[in-house]
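Welcome, and thank you for taking this tour. Please have the sequence and the 3D view open side by side, and let us walk through the fold together.

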Amino acid sequence: KNLEIKKMKTNYFLPLAIIGLLIRIVLSVTTYHQDLGAITLASHHIVGEGQWLSFYDNSGKDINKTIFNYQPLAYLIPAVFYSPFANFVSTTAENYVNADWQKSFTGSFNFELLFYKFPMILADILIFFILGVALKKTAYQKKIQILWALNPIAIYVSSVIGQVDIVIALFLLLAYLALTNNKKYLSIVFVCLSALVKPIGLILLPFIIRNNKADSKVKIILS
């Protein structure tokens with residue numbers, strides 16, 4: 001009986017993961033937000049034209065005056081995932097810049113949107129799995145994973161808007177877990193990575209500095 005109960009408790013994981021993934025895929029191919037345009041346009045210059053270090057030079061020069069106003073990793077991380085498909089990015093990325101996306105959106109499902117939102121959806125999924133590992137054998141594992149898999153904010157950010165804020169959330173989660181395991185320097189690395197996506201990632205710094213285990217070297221590095 002105890003074995004059957006244990007199986008019932010663990011069997012929720014796969015169906016939950018599938019449901020959460022399906023929700024994200026359906027929403028990603030049926031919705032568009034203009035914030036995705038800056039990422040796709042930057043990727044056009046980075047991946048399509050090879051401007052990995054100079055893509056900011058094109059900020060505001062397109063017909064829609066699209067500004068690259070985020071930190072470098074906000075554009076470079078998605079570009080890494082797009083890079084194996086440079087020809088595809090060269091021919092499609094500009095179609096999703098602000099109002100121009102409508103030229104490509106002719107049906108009910110647009111799988112090109114899934115392609116461009118994929119890095120953000122992947123970060124979202126990784127958070128789901130990391131939470132499961134971090135909370136393994138605790139009373140909160142099932143509840144937390146259900147909350148994340150069906151979290152409307154996470155789904156909206158990663159699959160509807162396709163925004164890199166979900167990547168920040170991933171880095172901050174890793175930073176927090178590193179800090180709780182007394183890996184202070186690794187925690188600093190993840191916080192810095194999150195800040196290189198958007199400065200809001202620095203929100204975790206006060207907790208690292210105030211941590212009673214943080215030594216003077218950590219505080220100097222953070223400063």
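A residue is called buried here when its relative accessible area is under 20%, exposed when that value is over 50%, and partly exposed in between, using a 1.4 Å probe and protein chains only. Helices (H or I, at least four residues) and strands (E, at least two) are DSSP runs, numbered from the N terminus. What you are looking at is a predicted model, in which local features need pLDDT of at least 70 and side-chain atom pairs count only at pLDDT 80 or more, while totals for chains, interfaces and linings use all residues. Residues are numbered from 1 along each chain as its sequence is written, and side-chain values use heavy atoms, with hydrogens and water left out.

Let us begin with the whole chain. The protein chain contains twelve helices and zero strands, and its elements, read from the N terminus on, run α-α-α-α-α-α-α-α-α-α-α-α. The chain has 223 residues, of which 44% count as buried. Contact means heavy atoms within 4.5 Å. Of the contacts in the protein chain with a separation of 6 or more, 71% are accounted for by residues 24 or more positions apart.

From here, follow H6 to its partners. Axes are lines fitted to C-alpha atoms, for helices over the stretch in contact, and angles run from 0 to 180 degrees between N-to-C directions. Angles under 35 degrees count as roughly parallel, over 145 as roughly antiparallel, 65 to 115 as roughly perpendicular and the rest as oblique. H6 and H7 pack at about 175 degrees with their axes 9 Å apart, which makes H6 roughly antiparallel to H7. On the H6 side the contact is made by Asp124, Ile127, Phe128, Leu131 and Gly132, and on the H7 side by Gln141, Ile144, Gln145, Trp148 and Ala149. For residue classes, Ala, Val, Leu, Ile, Met, Phe, Trp, Tyr, Cys and Pro count as nonpolar, Asp, Glu, Lys and Arg as charged, and the others, Gly among them, as polar. By that scheme, the contact of H6 with H7 has six nonpolar, three polar and one charged residues.

Is Gln145 buried or exposed? Gln145 counts as buried, because its relative accessibility is 0%. Leaving aside residues up to four places away in sequence, Gln145 touches Tyr12, Phe13, Leu16, Phe128 and Gly132.

H6 also meets helix H8 (residues 152-161): their axes come within 8 Å and cross at roughly 160 degrees. H6 is therefore roughly antiparallel to H8. Lys117, Met120, Ile121 and Asp124 of H6 join Ala154, Ile155, Ser158, Ser159 and Val160 of H8 in this contact.

Now move on to the next pair. The axes of helix H9 (residues 165-180) and helix H10 (residues 184-195) come within 8 Å and cross at roughly 165 degrees, so H9 is roughly antiparallel to H10. By class, the contact of H9 with H10 has eleven nonpolar, two polar and one charged residues.

Within H9 you will find Leu172, which counts as buried because its relative accessibility is 18%. Leu172 touches Ser194, Gly201, Ile203 and Leu204, not counting residues up to four places away in sequence.

In the loop between H9 and H10 lies Asn182. Most residues other than glycine have a negative phi. Asn182 has a positive phi of about 60 degrees although it is not a glycine.

Our last stop is Lys198, in the loop between H10 and helix H11 (205-210). Lys198 is buried, with a relative accessible area of 11%. A polar contact is a pair of N or O atoms within 3.5 Å; within protein, one must be able to donate a hydrogen and the other to accept it, and residues adjacent in sequence count only if both atoms are side-chain atoms. The side chain of Lys198 makes such a contact with the side chain of Asp165, at 2.9 Å.
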